[in-house]
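Trainee: Please take me closely through one part of this model, namely the way its elements pack against one another. I would like a connected account that goes from the geometry to the residues that make each contact.

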Amino acid sequence: MAEAYRRYMKLERNFTPNTLDAYMRDIDKLLRFLKAEGIRPEDARLQDLQAFAASLHDVGVSPRSQCRILSGVRAFYRFLLTDGYIADDPTELLESPQVDGRLPEVLTTEEVDRLEQAVDLTKWEGQRNKAIVEVLFSCGLRVSELVTLRLSDLYLDERFVRVTGKGRKERLVPISDSAVRQLQLWFDDRCRMDVKPGEEDYVFLNRRGAHLTRTMILIMIKRLGAEAGIAKTISPHTLRHSFATALLEGGADLRAIQAMLGHESIGTTEIYMHVDTHELRRQILEHHPRNMARRPTEGEQAGSQDAEKS
């Protein structure tokens, strides 16, 4: 049953290996719980799944991770229902915990500059790391998209990058002049490397000539953050969130941001967005027609000034 679900996600949903593994790890948690309770997955009822959800809380799984796991459980049982393994979906009334709504940290442009300035360009990987930071911030890529980025995906003359995102869906993302410049400097170093067979098309390589892993990028970003004196908890995702936030604050349309981030749902994009509430209040007070209607006229302003002089 679990293997049938894996084939379904791989062949019909076209999930990437990373996404597929994440889903199956979550389903494995459920299956191990049900097995310990002596319950077959197709016999599970709502109270059994509620007990599973409670067990996640008991072992300290965060509310956000609980929501992700339970979302996978619902998808699993929808599959069982569709394929005829079960007659009723026991997850219909399964509730997820409330999350606190905290957003990831966001870096200012000045902080991103500090990250890049912390790169030691005397080391062989220095220019590579600087280009990685700039591309993450310039294009808002997921770390999985960055490590699989290929030379054949780059259209630098046209200032676009072809990105293969979740579900192997492709999108075109604009790339800044600054990111193009940092990439070209990295290519000067890259062309002198011994590249492993089969790795020739990857943009970013390690010292052994193979493409990077997500863990390598995470360690590098965290180390640069510490060396730059940035107290925030940051990761490669922080640069993606900073990219989206900078676009929103610069006036970009939310739908355009959704397309550049590769989100299927606009609701997902809205979670990334955070606007300074003080600035929002000022904008409303300054531009809302109800407030604009009460602005003093030029004559009223002049009368007020004369009164002040007298």
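**Packing of the elements**

Mentor: In this predicted model, helices α1 and α2 are roughly antiparallel to each other, and that description follows from the geometry of their axes, because an angle over 145 degrees counts as roughly antiparallel and these two axes cross at roughly 160°. The axes of α1, which covers residues 2–12, and α2, which covers residues 17–36, come within 11 Å, and the crossing is right-handed. On the α1 side the contact is made by A2, Y5, R6, M9 and K10, which meet L20, D21, Y23, M24, I27 and L31 of α2. Sorted by class, the residues of this contact comprise eight nonpolar and three charged, with no polar residue.

The crossing in which α6 passes α8 is left-handed, whereas that of α1 and α2 is right-handed. From α6, the residues Q127, R128, K130, A131, E134, V135 and S138 meet S178, A179, Q182, L183, L185, W186 and D189 of α8. The classes here are six nonpolar, four polar and four charged.

Helix α6 also packs against helix α9, residues 214–227, and there the axes come within 11 Å and cross at roughly 95°, which makes α6 roughly perpendicular to α9. The contact brings together N129, I132, V133 and L136 of α6 with I217, M220, I221 and L224 of α9, and its residues divide into seven nonpolar and one polar, with no charged residue.

Turning to the strands, an open sheet of three has the order β1-β2-β3, and the pairing is antiparallel. Because β1 (154–155) and β3 (170–174) stand at the edges, each with a single partner strand, one side of each is left without a neighbour in the sheet. Strand β2, residues 160–164, is joined to β3 by five bridges, and within this pairing V163 has R171 of β3 as its bridge partner.

Finally, the confidence of the prediction belongs beside any reading of these contacts. The mean pLDDT of the chain is 83, with 83% of its residues at 70 or more. Confidence is highest in β1, at 96, and lowest in helix α15 (residues 298–309), where the mean is 48. Over residues 274–280 the pLDDT is below 50, and this stretch has seven contacts in the model beyond near neighbours in sequence.

Technical notes:
Residues are numbered from 1 along each chain as its sequence is written. This is a predicted model: local features need pLDDT of at least 70, side-chain atom pairs count only at pLDDT 80 or more; totals for chains, interfaces and linings use all residues. Side-chain values use heavy atoms; hydrogens and water are left out. A crossing is left-handed if the near helix is turned anticlockwise from the far one by less than a right angle, and right-handed if clockwise. Helices (H or I, at least four residues) and strands (E, at least two) are DSSP runs, numbered from the N terminus. Contact means heavy atoms within 4.5 Å. Ala, Val, Leu, Ile, Met, Phe, Trp, Tyr, Cys and Pro count as nonpolar, Asp, Glu, Lys and Arg as charged, and the others, Gly among them, as polar. Two strands pair if DSSP finds at least two bridges between them. Axes are lines fitted to C-alpha atoms, for helices over the stretch in contact, and angles run from 0 to 180 degrees between N-to-C directions. Angles under 35 degrees count as roughly parallel, over 145 as roughly antiparallel, 65 to 115 as roughly perpendicular and the rest as oblique. pLDDT is the predictor's confidence in each residue, from 0 to 100.
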